[in-house]
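The following exercises concern one protein chain. Each task is followed by a solution in steps.

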Amino acid sequence: QVQLVESGGGLVQPGGSLRLSCAASGSIFSRYAMGWYRQAPGKQRGLVARITSSGSTNYTDSVKGRFTISRDNAKNTVYLQMNSLKPEDTAVYYCHPWGTTLWGQGTQVTVSS
């Protein structure tokens, strides 16, 4: 059974940076586009960034210019580099292979002074 494990979250001050990682137990990354999603308390889970199997990327408007998604298929890992973090970025972040029902346990990101 494929498992997804997110890591790298934590508490950071506004303007700070974090790098999230999502490691998969199987070789699914090379076949699937991968997305990073986030869910804040009381809100729906929404797409933050997406990267195709060939490396094309797209971002939700609120993170453009601040976040960068990347992938390393040899390591079965997808990353989300988050810079210039804002309090409104506070959420649980999840990775998700496009078109599947697979989700990891999520990693908490808290941006606060």
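**Exercise 1. Describe the largest nonpolar core and state which elements supply it.**

Step 1. The largest nonpolar core has 26 residues. A nonpolar core is a set of buried Ala, Val, Leu, Ile, Met, Phe, Trp, Tyr and Cys residues joined through side-chain atoms within 4.5 Å; buried means under 20% relative accessible area, exposed over 50%, and partly exposed in between, with a 1.4 Å probe and protein chains only.

Step 2. The residues with the most contacts inside this core are Trp 36, Phe 67, Ile 69, Val 78, Leu 80, Met 82 and Tyr 93.

Step 3. Two or more residues each come from β3 (18–24), β4 (34–39), β5 (46–51), β7 (67–72), β8 (77–82), β9 (91–97) and β10 (107–111). The largest share, four residues, is that of β3.

Step 4. In soluble globular proteins, nonpolar side chains tend to be buried together.

The model is predicted: local features need pLDDT of at least 70 and side-chain atom pairs count only at pLDDT 80 or more, whereas totals for chains, interfaces and linings use all residues. Residues are numbered from 1 along each chain as its sequence is written, and side-chain values use heavy atoms, with hydrogens and water left out.

**Exercise 2. List the contacts of Ile 69, leaving aside its neighbours within four places in sequence.**

Step 1. Contact means heavy atoms within 4.5 Å.

Step 2. By this criterion, Ile 69 touches Met 34, Trp 36, Ala 49, Arg 50, Ile 51, Thr 57, Tyr 59, Val 78, Tyr 79 and Leu 80.

**Exercise 3. Determine the secondary structure of the protein chain and whether the chain is as compact as a globular protein of its length.**

Step 1. The chain has zero helices and 10 strands; helices (H or I, at least four residues) and strands (E, at least two) are DSSP runs, numbered from the N terminus.

Step 2. The radius of gyration, taken over C-alpha atoms, is compared with the globule rule, 2.2 Å times the number of residues to the power 0.38. The chain's value is 13 Å, close to the 13 Å that the rule gives for 113 residues, so the chain is as compact as a globular protein of that length.

Step 3. Of the 113 residues, 44% are buried.

**Exercise 4. Is Lys 75 buried or exposed, and where does Lys 75 lie?**

Step 1. Lys 75 is found in the loop between β7 and β8.

Step 2. The relative accessible area of Lys 75 is 56%, so Lys 75 is exposed.
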